[in-house]
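Trainee: I am new to this one. Could you pick the part where residues pack together on the inside and take me through it closely?

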Amino acid sequence: MILIKKIKKHILKKLILTSLIVTVLLVSSLFSKAAFAKDENEIILDPSYKELHMGDEFKVDVLISTKSKLIGADVKMTFDPTILQVKGIDNGKAFKLVPLKMVKEGTILITGLAEGTNRFSGKATLATIRFKAKDAGDTKLKIAFSPPSTTNSNLTMDKANDILTKVTSAHFVIGTPVQRTGAGLKKSALQIILFLIILALIGALIFLYLRWRKYQEEVQDINIPTIPLDRPPSP
Amino acid sequence: MPTFLNFSRKNLLGVLLTTFLFVSLVVISLSVNKVREPVSRAANYSNNASSVGGLEVRLTSYPPDSAAGYPVTPSSAGCSSQSGSPLTIGQHYAGSYYYDYRAYVKFDTSSIPSNATITSAVLQFTLYSNDTNPSFTLQARDFNWNAPLSCSDWGGTTLGAGVVGSYPITSSSATGSSFPFNISLGAIKKSTFTSFMITSSREASQIRPASGVPEFISLQSPKLTAAYSVPTPPQPPQPSQPSSPTQKNTGSSSSSGSNWGSSSNKNLPNTLKKLNLKVSVPFLLGEMKVNIGIDQYSKELTLKHDETDYSVDTSDLGLPLNKIYTITFSGDKILKRKVQFNASSAETNVNAMELTLGDLNSDSAINNQDQLIFLDSISKQTSIGDINSDGATNSLDWSILLYNLGKVGD
């Protein structure tokens, strides 16, 4: 009886010890993950994917996510103006000043600025863009970001320090597959016509060349006598 | 043989033509060199306005009616003054009141010697905003006003001050663009300050502004550039060169540093030949031009973000050694900085330390005015707000502006 009790006690001790070790390992792994997780300073477009009908109006939030203190943010985006139409840009809550909201030839420029000693940190909307799906197609709203360039998108801290590390663009599918194919063909109609014209020209050139070759061969076949025929042969 | 002869004739003609061209070129180059032979030294004045201001007068009738208390006491007609730039010029009619706007600029031309002869004078502004519907001519008038500006400096209804320069403004004149225009040489005051009143030709002609149609513009960055000649100071005789009675401008200065003055002083002994400048511009990413002045001379220097050492050829200036000089750095986006140095040797090193970016209206202070100019620039995407010269007006420039906010120039 005593022996059984001792064995039970031993097993219980081992169980407690094992569970303790497992707990410690789990907690430490979690902490290490948190410690090594990279703090991204990011510009995100939300939603990042959406399927739409032609003529739909929809909104895209331009979000900023950072743990640093920002003095301002610049976002430069490109889109296909034949598929999407910008209906308007509304200020977000990240910055009090949004002096730049410009749409020009498939490019959107938005700048938010902090006033005085205020700085932005966390995750919030810089601006909300209102779009209209004007034509069918598969299109992307891309954020221009090419480090270390300072002229496209930036997340700016004090002393003109750009800390932007990551951007997430958006993808929109507009219309049914048939509509998208039709729109694609419509867009590439000019290219197809140009290709056909070039093809016809090449064909015409090949045809002319072959005709010329044939003519040359025919000319060579004619026997031109070397002896003059208008005089009697010399003795 | 005849073919050869023909060919040879053609060749002969070619040789003759080439020889003629060569000789002509030699003659032209020789004559040009003769024209450029140093007979005098250069002297330029180029500076931003030392004081600026604007006055707005509110009128109940147009043309101004003296019965309404105008122009005897402009304050009774509703006068208010604005300090700093942008400067508003023109007219406006709103809310049953007529408004006239005049701007006043003053330049410190005390560095121009009293015995100098002005050879050219150019006044320049940058168009900050354009709200004119009908076109008008911007008029620079020779008018002495007292800084700080007050309503008593208005200048009268009939604008007695003479027009010394003008520039046409239309509704299509692009904001952000700089426009220089010639000024009468007599308007430049030597050894003292040169002051101008800037008015609209419509106001001068007392054309009534239409209701709800803005007829005014805003200007900033006033800059005066003048060239002059002064009698040459007594110098040691030069065996190879004849002495010249005066020094003359040789054109606008460039970053090469070769045309500060004429080459007549190049071989003068005991003069400053070369300045080795150490200067940096924190946050500058591209290139920027600054104006540097020593004594009465000025020139443009291009500063680059990755360079701190610049060499300036001063051999043309004839600056005597063992004398203390002040070198002044000024520009469209930097605070004015003055550095004194002792020209102890022919090649002197000067550490100008750092230039401060952010003074967008050239009033020698980085303040709220600059912030407003920046916000306008970023919303319109003009280059005025591109403080770091990276080619974009964005939050990085704002960051620089806030970092330097409150700083003042020398």
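Mentor: Let's begin with the largest nonpolar core, which has 125 residues. Such a core is a set of buried Ala, Val, Leu, Ile, Met, Phe, Trp, Tyr and Cys residues joined through C-beta atoms within 7 Å; buried means that 20 or more other C-beta atoms lie within 10 Å of a residue's own, with C-beta atoms placed from the backbone. The members that touch the most others are A:Val62, A:Ile110 and A:Leu126, along with B:Ile89, B:Ile198 and B:Ala226. Please keep in mind that this is a predicted model, where local features need pLDDT of at least 70 and side-chain atom pairs 80 or more, while totals for chains, interfaces and linings use all residues. Residues are numbered from 1 along each chain as its sequence is written, and chains are lettered from A and ligands numbered from 1 in the order written.

Take B:Ile198 from that group. Leaving aside residues up to four places away in sequence, B:Ile198 touches B:Leu87, B:Ile89, B:Arg102, B:Ala103, B:Val105, B:Leu138, B:Gln139 and B:Ala140; contact here means C-beta atoms, placed from the backbone, within 7 Å.

Strands (E, at least two residues) and helices (H or I, at least four) are DSSP runs numbered from the N terminus. S8(A) belongs to an open sheet of five strands with mixed pairing, in the order S5-S8-S3-S1-S12; to pair, two strands need at least two DSSP bridges. The edges of the sheet are strand S5 (84-91) and strand S12 (166-168) of chain A, each pairing on one side only.

Now follow the chains to where they meet: 17 residues from chain A and 18 from chain B take part in the contact. On the chain B side, helix H3 (368-380) and helix H4 (395-403) each supply at least two residues, and H4(B) gives the most, with seven.

Key: Two residues are in contact if their C-beta atoms, placed from the backbone, lie within 7 Å. A residue is buried if 20 or more other C-beta atoms lie within 10 Å of its own, exposed if 12 or fewer, and partly exposed in between; C-beta atoms are placed from the backbone.
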